[in-house]
Amino acid sequence: MVAFGKKLKERQILEWQGYYINYKLMKKKVKQYAQQIEVGTQDRRHVLKDFSRMLDNQIEKIVLFLLEQQGLLASRLAKLDEQHNALQQQPEISQICELRQAYRAVGQDLLKLLFFVEVNAIGLRKILKKFDKRFGYRFTNDYVKTRANHPYSQLQQVFKHVGIGAVVGAISRNLHELQDRQGSYLSIYDQSALPLEDPVIDSIKAAVDRLTHSTNFLNFLAQHALIMQEEFPTPVEEQVDDQNYHFLSLLLNLVNTFLYMVNTYIVVPTADDYSLSLGAAATVCGIVIGAMAVAQVFSSVYFSAWSNKTYFRPLVFSSVVLFVGNILYALAYDFNSIAVLLIGRLFCGLGSARAVNRRYISDCVPQKIRMQASAGFVSASALGMACGPALAGLLQTNFKIYKLTFNQETLPGWVMAVAWLLYLIWLWISFKEPSREIEENHIPQESNAVVVENDALENGLKQPLLASSSEDKQQDEGGEQECDESKEASKDPCQPATSIRSAYRLLTPSVKVQLLIYFMLKYVMEILLSESSVVTTYYFKWSTGTVAIFLASLGLTVLPVNIVVGNYISNMFEDRQILLASEIMVFIGILLSFHIIVPYSVPQYVCSGLILFVSAEVLEGINLALLSRVMSPRLSRGTYNGGLLSTEAGTIARVIADGTITLAGYLSESRLLNITLLPSLFICISSIVATCFTYNSLY
């Protein structure tokens, strides 16, 4: 906890220092309680009563100061309102400008107050979590429940920031009225959608959004991207400069993500036919599909390192390599060479710039829209996953131009080559390289892949302290402890990991379990998708178009499932409950997929595949949400970051899955389904056991 205590002290506003939660004192008291219980000088009941009283006193101190500051702001606003009314009778431009600046000054002070509330809320959550962890008692549950609906509850003042909304409304309304509207007398109440372009209001809205932050669809999607904000709110002066943000450059990164996912899955429906056309077995499709993932294992590292210096050059290199790779993939048919086909797929994997796409969002997108950009990253990936097979289903034609063959096997290569060429031209014309100097001045924003989610201030009162209490125990293990250990190595207690080995050493048992879960879900999804064309052709005689429709339908479930989970399920249950339930559903989906009952039917395959895929999608979102909270801060920056580790775990899982399909195919196509499902079943059971064991020991 040393790292958090130090951060808390550094982030405190100096003149308000005496009104913050006394985190250091409370931490010492928790330690004293533990010693007293151990020697038998105090019983648990007395400790709970004494700690509750101390918490009540700390919260009362915070709330009384909060109310005092709100009163001062309200008094200033009342005086400004009198001046505003006087100006309406005799308006003068100079006085209007002065009045607007005065309202902005109140807004800046309100930002300080919002920051004060948030820092204290984080401190309260953490000390409650520390108490639960030390004594193995769900004290947080009882403490919050007894104060949640009490008419005199002061805890609600902290987490529901009562009264701040009125101050925000007064500032917004008056700034709106003072803004030049070219003769318009509409107020914000007459036209609520009317934009108020004022940086102070934007900053206040961002701060209020953090305070009222709850798990929703946008946030749930963003967690898939492993792109996060700092645990503490960032003051206005520390935010990424808007001048470093270029919308077209962000859009180009998202298009790169979309095209790469299309490129990955466009070959899945026809890979078995292509292998047969070149004289190989149909199950060689596993190697054909997996070759891209093999290369991605290595490309993720050098792209992650390259993005430390530039974004434009890696994206150009990615486009060129993918253009060449798709050309080789298409030409393999006329060369009648399986080697050329595999080399083409390897080239495509070497062009995987997803590490650059994530890094760009993390470093160059302003914090106030980073969540939307992260959600856009995930949505682009999901859309590409659905469009790839769907596009392959449309490319059902056969013709020649000179000696080049254009059919359902080669057209995916030709189409993607043209797409990457057009993208390269657009990239060259429109991309704007961000200033590295600006980024260096905002090192805290360089959260490359790991999300340290500030979930302390979610809507309502019970959820932030109850739902996140178990998750924060992981955060302790994965965050603050590692910062302390790293002090021996550097003056910077949270310096980035410098190698894969050092990054691996930073992984706590809970993080390793979550990476195992990520490995498992990527493995079972790859087995389902990559062998679909072979399995459905063998059992059901499906055409390429039918396989494409099936795969596209699976891909289209991604966003609706995330909407349901993000908006509803995650608000009803704790993340760890959803995690375990999703693992069990994946296990059920695997069991239902086995060919035990003869004959193997289409409803059995489709239903089991749908259960498996949807459960894995839910599991991925929840797993990455938890992973983002337990990962060490040292893995939030640099080349060897948490995003790279999770990407490598998922990519290696895909490689092994595709290799399993090819090896199993040499035994017999009739046994392919069951043989490939057995490792999936074993890994799934292992992840469930590891989850239960780790959660029982750490949560």
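**Exercise 1.** Which residues does G665 touch, not counting residues up to four places away in sequence?

*Solution.* This is a predicted model, in which local features need pLDDT of at least 70, side-chain atom pairs count only at pLDDT 80 or more, and totals for chains, interfaces and linings use all residues. Residues are numbered from 1 along each chain as its sequence is written, and side-chain values use heavy atoms, with hydrogens and water left out. Next, look for contacts, meaning heavy atoms within 4.5 Å: G665 touches T283 and L672.

**Exercise 2.** Decide whether G665 is buried or exposed.

*Solution.* Buried means under 20% relative accessible area and exposed means over 50%, with partly exposed in between, using a 1.4 Å probe and protein chains only. The relative accessible area of G665 is 14%, so G665 is buried.

**Exercise 3.** Describe how helix α13 (residues 312–335) and helix α14 (residues 338–350) pack.

*Solution.* Begin with the angle of about 165 degrees, and then note that the axes are 7 Å apart; axes are lines fitted to C-alpha atoms, for helices over the stretch in contact, and angles run from 0 to 180 degrees between N-to-C directions. Angles over 145 degrees count as roughly antiparallel, and α13 and α14 are therefore roughly antiparallel to each other. Finally, examine the residues that meet, among them F317 and V321 in α13 and V340 and L341 in α14.

How values were computed. Helices (H or I, at least four residues) and strands (E, at least two) are DSSP runs, numbered from the N terminus. Angles under 35 degrees count as roughly parallel, over 145 as roughly antiparallel, 65 to 115 as roughly perpendicular and the rest as oblique.
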